[in-house]
Amino acid sequence: MPASAPPLLIAVPNVSEGRDRDVLERLEGSVGRARVLDVHIDPDHNRAVFTLAGRQGELAEGLLGLAQAAVEQIDLRSHEGVHPHVGALDVMPVVWLDEERRGPASAEALTAAALVGERAGLPVFLYGDLATRPEYTERSWLRRGGPAGLAERLESGELVPDYGPQRADPRAGAVLATARRPLVAFNVDLVGDDVELAKSIAAELRESGGGLPGVRALGLYLADRGRAQVSTNVHDHLAVPLAEIVERVRARAPVAEAELIGLAPRAAFDGFPEDVPLHGFIPERHILEEALAVLH
């Protein structure tokens, strides 16, 4: 790569559509020069996770294109799905892969947030490391009450977006934006359909409940699969490899299979149990280092 070339970055936007393949194809075609590495679709969550790669400058335009397409294609007023959300384009994190790229990733996330607020007309909130208020750090606080609750909180002035209008779009809601290190989204399906058990396991895993560091977790019921699921976000895969999540879950319940959402660094799979199937997992596509190798 020439010394003058902008750094290669990753974005992992999540959209609130996981059932209509025609809509998803139109969304995929909206990202301009950004390269689509993966699209993970989940009908129960009614959500799709795009993994995009591009040079600094390309990703912000790609995220704007995706936001504009989401406003046109997704109507939250008829949305049904088990995943918490507040927007058609619900989150758009830009990922920095090493400290050298942390600054460019943060700049790209801020550029994307400003573009989406101005040109897509959506309120945009900065969360995580880019949060401008302490309470904005956690997505769960911003998502409290869902799209309807967010609209009311905007109207009352409790929430003030960092970019865009002081009102929620009735169809498309709002967008949450940040820059972060790689986060691993990882689900574990139980053999049975006991959602209360899944919720109990998730509560034990969550950092906020005294569980594993940097782990967020929910217990859900997946109607399409007829199973309960423990859905997690692992913020530090070196401190908590996915094998530890699996072992903690199956200490409480039999495990049917596990599922990676999007891509993850190779180190996240250290010690992963061979007897637990990984749904749809293709190493050359879903291990981050392998997927990026062809782009350099």
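**Close-up views of a predicted model**

View A. Strands β9 (residues 215-222) and β10 (residues 227-234) pair in the antiparallel sense, with eight bridges between them. The model shown in this and the following views is predicted. Y221 has A228 of β10 as its bridge partner. The two strands form a hairpin with four residues between them. In the turn, G226 has a positive phi of about 65°.

**View B. A network of salt bridges.** Salt bridges link D42, D189, R225, R227, E257 and E259 in a network. The structure as a whole holds 25 salt bridges.

**View C. The salt bridge between D38 and R285.** The side chains of D38 and R285 meet in a salt bridge, with an N to O distance of 3.0 Å. This pair links distant parts of the chain, since D38 lies in strand β3 and R285 in helix α8 (residues 283-286), 247 residues apart. D38 counts as buried because its relative accessible area is 4%, under the 20% cut-off. R285, with a relative accessible area of 38%, is partly exposed.

**View D. The salt bridge between E290 and R266.** E290 and R266 form a salt bridge in which the closest N and O atoms are 3.7 Å apart. The pair links distant parts of the chain: E290 belongs to helix α9 (residues 288-293), and R266 to the loop between β11 (255-261) and α8, 24 residues apart. E290 is partly exposed at 30% relative accessibility. R266 is also partly exposed, with a relative accessible area of 41%.

**View E. The salt bridge between R77 and D75.** The closest N and O atoms of R77 and D75 are 3.0 Å apart, and the two residues form a salt bridge. R77 is exposed because its relative accessible area is 59%, over the 50% cut-off.

**View F. N46 in the β3–β4 loop.** N46 is found in the loop between β3 (35-42) and β4 (47-55). Phi of N46 is near 50°, a positive value in a residue other than glycine. Most residues other than glycine have a negative phi. N46 is buried, with a relative accessible area of 5%.

View G. D20 is placed in the loop between β2 (14-15) and α1 (21-28). With a relative accessible area of 33%, D20 is partly exposed.

Definitions and conventions
Residues numbered from 1 in each chain as written. Predicted model: local features only at pLDDT ≥ 70, side-chain atom pairs only at ≥ 80, totals over all residues. Heavy atoms only, no water. Buried < 20%, exposed > 50% of the residue type's maximum accessible area, 1.4 Å probe, protein only. Pairing = 2+ DSSP bridges. Salt bridge = Lys/Arg side-chain N within 4 Å of Asp/Glu carboxyl O.
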